[in-house]
Amino acid sequence: MRPVSTTPPAPSEPAPASASASGGIPPEPGAGGGGRWRRLGRGALADLSPLREHPDYRRLWTGQVVSAVGQQMTAVAVAVQVYALTGSSFATGLVGLFSLVPLVGLGLYGGAIADTVDRRLLGLVGSSGLALTSAVLAVQALLGLGSVGLLYAAVALQSGFFALSSPARSAMIPRLVPPHQLPAANALGSMSMSLGTTVGPMIGGVLIAAFGVQSAYLVDTLAFSGTLYAMWRLPAMRPGDGAARKRASVLDGLRFLRSRPNLRTSFVADLIAMVFASPRALFPAIAVTVYHGGPGTVGLLVAALAVGALTGALFSGWVSRIRRHGAAIVAGVAAWGLAIAAFGLSAHLWLGLLMLAAAGCADSISMIFRNTMLQVGAPDDMRGRLQGIFIVVVAGGPRLGDFFAGTAASLTSSTTALLAGGLTCVAAVLLLAARRPAFRHYDAHHPAP
């Protein structure tokens, strides 16, 4: 890897331990109370040291932000176009199915490939494929082809390229930043995803309303040029000689995960949160029956989760100072469950939005520590495969949660389903923590996967 430059230059004397641990600035002599409050504010806000000190990570992160915003714009445009062509909510819902199948199926293989080839090259291939797919969507919209089948095929292809390249991009991070900055880097990664889910749909909606769906596709296509440039500037990230000679094996990744109880428990904790307490499938019913609203209210409920996740990432400066990552994951999942249960009991829209924002914040914090535990606990030649499994869990868990929530609501009510699901999530993760004391006591200073 090329030498990493530091901006601004490092001080001639080492910073105090507290400052270096948080990525902050050493206390100024005579700062007084005002200086203390400024230091507290800097400690609460997201730690930007990975972006300041590591240009290659900055390029990767910038590309992720641009890609996330563009993909969310395209997702809105596809949904709008399919509904305009068919007038069917069912046909529009099938877009999610066509994106899920390649994401789950190719996510595992994308991770295996990432462990046996140059990850930068795989990222370039995936980003190029995503850009090409966006261009195809733009062309079909400009020509007015009106083919729903073509839209489904483009969505599936786009999801496949994402699944192939995403594990490689995630596995790059431990090569670009030192271990003590991984929590901060993962918090910034959470921020990039949250920016995509909040800013992307808003920009896409404005463009579609003003210029039609083709404008969103075109902007997404052009934005990918920035992503490709950022990926091109990264150093080569080839596997070791032994890994390069091995055949890509998904089963090796699954066997490795089975032999690492703490990593496996972190995956189970995420599944508990997503399967038992996923509220998204109930948003339309809650919007109508509880808040007496419509599609606009559903949009607010969806946005509240994303805003909460973004808030959690923005105020994540403290995460680098937490050693007990397992306990932090348990606390985050339990807080998610409690917030979802409280959302189920919220009779007022403002309170429901607040509870969903709290849930999104808790999920963001849990994800930061889960990613960090995975990146530290897995050797470099196995990180891609574990990131592929992680994608399957993140993509498949909420879909199972939608099924369970919808079934429970049909048998009881939406309020009961949310309350029972949230409390079940809390009970299940506490039981998991009780049965896995090593996970509760996981120490980031002495990691044991």
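Author: A cavity here is a set of points, on a 1 Å grid over the protein atoms alone, where a 1.4 Å probe fits but cannot get out; lining residues have an atom within 4 Å of a point. Grid points are joined across faces, edges and corners, and a volume is the space filled by probe spheres set on the points. The model is predicted: local features need pLDDT of at least 70, side-chain atom pairs count only at pLDDT 80 or more, and totals for chains, interfaces and linings use all residues. Residues are numbered from 1 along each chain as its sequence is written, and side-chain values use heavy atoms, with hydrogens and water left out.

By this rule there are two cavities of 30 Å³ or more. Helices are DSSP runs (H or I, at least four residues), numbered from the N terminus. Of these, α4 (55-86) and α9 (213-232) each supply at least two lining residues, and α4 gives the most, with five.

By class, the lining has four nonpolar, five polar and two charged residues. Ala, Val, Leu, Ile, Met, Phe, Trp, Tyr, Cys and Pro count as nonpolar, Asp, Glu, Lys and Arg as charged, and the others, Gly among them, as polar.

As for confidence, pLDDT (the predictor's score for each residue, from 0 to 100) averages 81 over the chain, and 87% of the residues score at least 70.

How values were computed. On a 1 Å grid over the protein atoms alone, a cavity is a set of points where a 1.4 Å probe fits but cannot get out, and a pocket is an open set with protein on both sides within 12 Å along at least five of seven lines; lining residues have an atom within 4 Å of a point.
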